Amino acid sequence: MSRARHEPLAHLALAAAGETTGPDAGVTLQAAPYQPAVILRGESGNAAFLEAFRAGMGFDLPLAANHVNSHAGATALWLGPSEWLVQSTTGQAEHGRLAAALTGHRHAIIDHGDGQQIIRVSGPRARDVLSKLCPLDLEGPDLAPGRCARSILARCSILLHPLPGGGYHIHVGRSFADYVWRLLADAGLEFGVAIGGAG
Amino acid sequence: MLLLQCPWCGDRSEEEFACGGEGDIVRPLVPEELDDRAWGDYVFMRRNEKGIHFERWRHAHGCGRWFNVARSTVTHEILASYQVGDDRPELPE
């Protein structure tokens, strides 16, 4: 029996609202739709494990702290020395492909897609909005595209992922999504907030 | 506000961390052979150092890893941070 997926921010009726607070909004907020994602645990010192991942997925797991690698519909974000978030960018679940590739190697794959909400923050003042709430140095090289960082936004744990095209993806636990969304909308008020479509 | 150096993530704000108290406390290998006083020492007694304090911190909102920090309890200066299992680093006088 399958049940309809319930998006964490569905109650805000963002698609129906679709409004902008001004024509030249400084920041745009978008609630990304569900994307399959897993948390992968494995031994970063185990060459066979790393090779199995590369053979199955077509790219290397990022071993340097807070780096991101991606290839052909999948992105791996460094979360810890033995922990990665493997995110599908095509909507196709990677769980099966990953599990097949890593068979025989010590690892754990934990489904995380429904555990998180991704909020995209973009626009010319996106960094100013995040700076109000997050202690990270957003202007430094550590948060250029290709990097990521787990940190806090106000009182919530987040994963911050700067995007190559500008803006940020904020991954937040689904039960915190409403709080974080409202915080961002409030922090952006002085710059003008636009609510975007699915991002 | 302290700026702590996570051995993996580098300098991060104290907000991201949780302090785990004094470090390098070894759990007795055979607890049932300890008398109450020795067990009480292990569980409760801490050095409460005025000066350089070796303590455990966890990058709770970051990479989630435990590590050790040498901190002056007088000046709040962070003198060193190092991974669990590493030897205590040489500290400047």
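Which stretches of chain A does the domain assignment give to domain 1 and domain 2?

## Domains of chain A

In this predicted model, the domain assignment of chain A gives domain 1 as residues 26-34 together with 114-195, and domain 2 as residues 37-113. Taken over C-alpha atoms, the centres of domain 1 and domain 2 of chain A are separated by 24 Å. The contact between them draws on 13 residues from domain 1 of chain A and 14 residues from domain 2 of chain A.

## Helices H4 and H5 of chain A

Helix H4 of chain A covers residues 126-133, and its buried residues are Ala126(A), Val129(A), Leu130(A) and Leu133(A). Around the helix axis these residues cover an arc of only 95 degrees, which puts them on the same side of H4(A). The partners against which the buried residues of H4(A) pack are several strands of chain A, namely E1 (27-31), E7, E8 (149-153), E9 (156-162) and E10 (168-173), together with helix H5 of chain A.

Helix H5 of chain A, which spans residues 177-187, has Ala177(A), Val180(A), Trp181(A), Leu183(A), Leu184(A) and Ala187(A) as its buried residues. Seen down the axis of H5(A), the buried residues fall within an arc of 165 degrees, so they line one face of the helix. As a general point, an α-helix has 3.6 residues a turn, so residues three or four places apart point the same way.

By class, the lining of the largest cavity is made up of 5 nonpolar, 6 polar and 4 charged residues.

Strand E7 of chain A, residues 116-122, gives the most to the lining of the largest cavity, contributing 3 residues. Strand E7 of chain A also holds Ser122(A), a residue that counts as buried because its relative accessibility is 12%, the cut-off for buried being under 20%. Once its neighbours within four places in sequence are left aside, Ser122(A) is in contact with Gly26(A), Val27(A), Thr28(A), Gln30(A) and Gly167(A).

## Chain B and Ile52(B)

Chain B contains 1 helix and 6 strands, and from the N terminus on its elements run in the order β-β-β-α-β-β-β. The C-alpha trace of chain B spans about 45 × 30 × 25 Å along its principal axes. Of the 93 residues of chain B, 35% count as buried. Among the contacts in chain B between residues at least 6 apart in sequence, 44% join residues at least 24 apart.

Is Ile52(B) buried or exposed, or does it count as partly exposed? Ile52(B), which has its place in strand E4 (residues 52-58) of chain B, counts as partly exposed because its relative accessibility is 36%, a value that falls between the limits of under 20% for buried and over 50% for exposed. With its neighbours within four places in sequence left aside, Ile52(B) is in contact with Ala70(B), Arg71(B), Ser72(B), Leu79(B) and Leu91(B). The C-alpha atoms of Ile52(B) and Val69(B), residues that stand 17 apart along the chain, are separated by 9.9 Å.

Definitions and conventions. Residues numbered from 1 in each chain as written. Chains lettered and ligands numbered in written order. Predicted model: local features only at pLDDT ≥ 70, side-chain atom pairs only at ≥ 80, totals over all residues. Heavy atoms only, no water. Helix = DSSP H or I, 4+ residues; strand = E, 2+ residues; numbered from the N terminus. Nonpolar A, V, L, I, M, F, W, Y, C, P; charged D, E, K, R; others polar. Buried < 20%, exposed > 50% of the residue type's maximum accessible area, 1.4 Å probe, protein only. Contact = heavy atoms within 4.5 Å. Arc of directions from axis to C-beta. Domains from an automatic or database assignment.
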